[in-house]
Amino acid sequence: LLGDGYAVLNCGNSGRTMLKRGDYPLWIEPQFKAAIEMAPDVVIILLGTNDSKPYNWIYKDEFIPDYIAMIDTFRTVNPEATIYACLPPPAFAIQWDIRDSVITADIIPMIQQIADSMQVETIDFYQPLVDSNALFPDDIHPNAEGAWEMAKIVYNAMTGKSVAEMQDADVARGKKAVDRVATVSFPPEYLVDGDASTSWKTVIGGSAVVDLGIVESVDLFVVDFGAKNDTIMYPYVIQVSEDSLTWSQVVDRSDLSGKAFSRLLIDAIDTVDARYIKLAATASGATVATGLDIADFRVMRAAPVHAPVLYIDDIDLGSTFTRYKYYVQPTSEKGYLKVVRSSDAGEPFTDVKGYRISAAQNSSGSIRPDRVQRYYTKAYYDGIEVLSADTLTVDWSISAVEAKDHSASPDYRLENYPNPFNAATIIRFQLPEKRHVVIDVYNVSGQRIDTLLDAEVSAGQHSAVWKAANQSSGIYFCQFKAGDVTRTSRMVLLK
């Protein structure tokens with residue numbers, strides 16, 4: 001979020017304490033040594049959660065002196081350092097002996113007292129997250145989205161700025177299109193249907209005009225030649241108009257001779273107002289081109305930044321897994337990209353990969369051919385905007401893979417992870433069709449101790465979380481019922 005002007009070092013270490021006499025003091029860890037050696041200009045101290053454990057809090061009289069000693073240590077290596085003392089986030093349950101009652105009654109007031117006496121700033125993670133239990137799946141540790149929310153809190157404290165949520169918009173998607181050389185097989189609507197498996201073709205001199213419906217401010221175009229083209233980029237020009245009578249040329253790609261093939265060509269322009277966008281085929285220098293063959297054409301609404309373009313290519317249909325490769329092509333030289341994935345439209349997204357994006361990237365993966373995958377990109381730029389791109393949907397349910405025999409109901413799957421587990425485990429299940437699903441948890445005596453789900457559930461992959469903080473160590477059974485289909489999994493709780 002802070003951008004390239006900062007070097008950020010994470011010196012956190014799970015389970016560590018501020019108390020020097022705690023069970024695992026951060027003071028003796030290599031991460032603390034690394035923090036001191038950095039001589040940082042800004043120090044963010046977020047400790048205290050693990051100090052709340054009863055066997056650590058017996059030394060509570062030493063918490064304030066130890067905290068002050070840490071502040072003094074950083075001021076010794078950099079007297080000009082800006083230091084933030086953080087109020088810990090809530091502990092939503094007693095897990096690993098962590099006590100929210102100690103955090104609220106003792107630790108937070110002590111940190112506020114320390115901040116006042118040592119003249120350091122505070123960052124409050126408690127109040128902003130007090131209603132955000134969903135971001136802490138095991139009631140203590142944040143998931144990826146929880147970490148992102150915490151990062152935004154720090155960013156706001158350091159800069160006074162908030163992160164703006166924006167939506168990158170392809171204003172041509174699904175709009176009306178006409179062409180001068182109309183064909184039945186390759187209608188111009190294929191240009192803007194968002195499906196790279198369809199394409200629009202025309203001859204030299206041919207063109208397609210997309211009617212955006214209203215005048216839009218636009219500043220970026222993406223021409224996708226599709227996976228079928230591995231050697232040819234067809235020359236084109238792009239013109240814009242507000243009334244379809246007077247046209248201005250804003251992109252000239254009429255000479256692509258000698259240029260290395262790229263599936264995507266991205267053209268950024270100064271912002272223009274337009275209702276009509278014309279994509280026209282031209283000749284390529286001394287080489288006569290056959291016209292245009294374009295899989296997808298995107299017209300992006302003007303914005304301070306645009307998300308990288310994500311697409312799927314190199315699909316290999318196998319008997320067990322469909323192997324694929326997804327590509328990311330940047331629209332600028334800045335930014336941080338996070339790719340997240342969901343197995344079903346109603347399911348939450350999970351992280352796939354995150355990296356700084358300044359050059360084209362690709363990543364391979366495997367997936368069962370009977371599932372639907374959706375990919376979604378978020379690009380973080382300079383800590384100013386979080387830019388969400390269009391969702392890319394890839395349907396693997398229709399493939400060349402031989403259909404399975406469903407007579408034994410193989411598509412009703414049940415599993416839990418992790419197993420063995422401590423405090424919480426995720427129950428995952430799959431349905432081939434919409435069904436009423438009941439998921440119960442039983443102990444070894446056959447007593448039902450929890451019902452995790454009792455509802456109509458759509459086809460696809462789903463999950464539920466069993467929080468076993470109040471249960472003793474031992475063996476438990478998860479029973480899944482969907483109509484006349486029953487599955488049972490064995491779970492081991494270790495504390």
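At 8% relative accessibility, aspartate 293 counts as buried, because the limit for that class is under 20%. The model in which this residue is seen is a predicted one. Aspartate 293 is joined to lysine 201 by a salt bridge, in which the closest N and O atoms are 3.8 Å apart. Since aspartate 293 belongs to strand β11 (residues 292-294) and lysine 201 to strand β6 (residues 200-202), the pair ties together parts that are 92 residues apart in sequence. Lysine 201, for its part, is partly exposed, with a relative accessible area of 32%.

The protein chain has 495 residues, of which buried residues make up 46%. Its secondary structure comprises 6 helices and 27 strands. Among the contacts in the protein chain with a separation of 6 or more, 69% are between residues 24 or more positions apart. The chain exposes about 24,100 Å², and carbon and sulfur atoms supply 49% of that area.

In total, the structure holds 15 salt bridges. One of them brings together the side chains of glutamate 62 and arginine 21, at 2.5 Å from N to O. This pair also links distant parts of the chain, 41 residues apart: glutamate 62 is in the loop between α2 (54-57) and α3, while arginine 21 is in the segment before α1 (30-38). Glutamate 62 is partly exposed at 25% relative accessibility, and arginine 21 is likewise partly exposed, at 48%. A further salt bridge is formed by aspartate 97 and arginine 99, with the closest N and O atoms 3.8 Å apart. Here aspartate 97 is partly exposed at 33% relative accessibility, and arginine 99 is partly exposed at 24%.

Attention now turns to the aromatic side chains. A pair of aromatic rings is described by the distance of the centres and the angle of the planes. The structure holds 9 aromatic pairs. In one of these, the rings of phenylalanine 63 and tyrosine 67 have centres 5.8 Å apart and planes at 65°, so the arrangement is edge-to-face. Both residues lie in helix α3 (residues 63-77), where a spacing of 4 residues corresponds to about one turn of the helix. Phenylalanine 63 is buried, with a relative accessibility of 0%, and tyrosine 67 is buried with a value of 0% as well.

Another aromatic pair, phenylalanine 225 and tyrosine 234, is tilted, with 6.2 Å from centre to centre and 50° between the planes. Phenylalanine 225 is buried at 0% relative accessibility, and tyrosine 234 also counts as buried, at 10%.

Trp27 forms one aromatic cluster with Phe32 and Phe74. The ring of tryptophan 27 also has the charged end of lysine 20 over it, 4.4 Å from the ring centre. Elsewhere, lysine 278 lies over the face of tryptophan 247, at 4.3 Å from the ring centre.

The surface remains to be considered. Tyr6, Val8, Val42 and Ile44 make a nonpolar surface patch of about 360 Å². Of these residues, isoleucine 44 is found in strand β1 (residues 42-45). Isoleucine 44 is partly exposed, because its relative accessible area of 37% falls between the limits of 20% and 50%.

Key: Residues numbered from 1 in each chain as written. Predicted model: local features only at pLDDT ≥ 70, side-chain atom pairs only at ≥ 80, totals over all residues. Heavy atoms only, no water. Phe/Tyr/Trp six-rings, centres within 6.5 Å; stacked < 30°, edge-to-face > 60°. Helix = DSSP H or I, 4+ residues; strand = E, 2+ residues; numbered from the N terminus. Buried < 20%, exposed > 50% of the residue type's maximum accessible area, 1.4 Å probe, protein only. Lys NZ or Arg CZ within 6 Å of the ring centre and 35° of its normal. Patch = residues over 30% accessible without salt bridge, like charges linked within 9 Å, V, L, I, M, F, W, Y side chains within 5 Å. Areas by Shrake-Rupley, 256 points an atom, 1.4 Å probe, with all protein chains shown as cover. Salt bridge = Lys/Arg side-chain N within 4 Å of Asp/Glu carboxyl O. Contact = heavy atoms within 4.5 Å.
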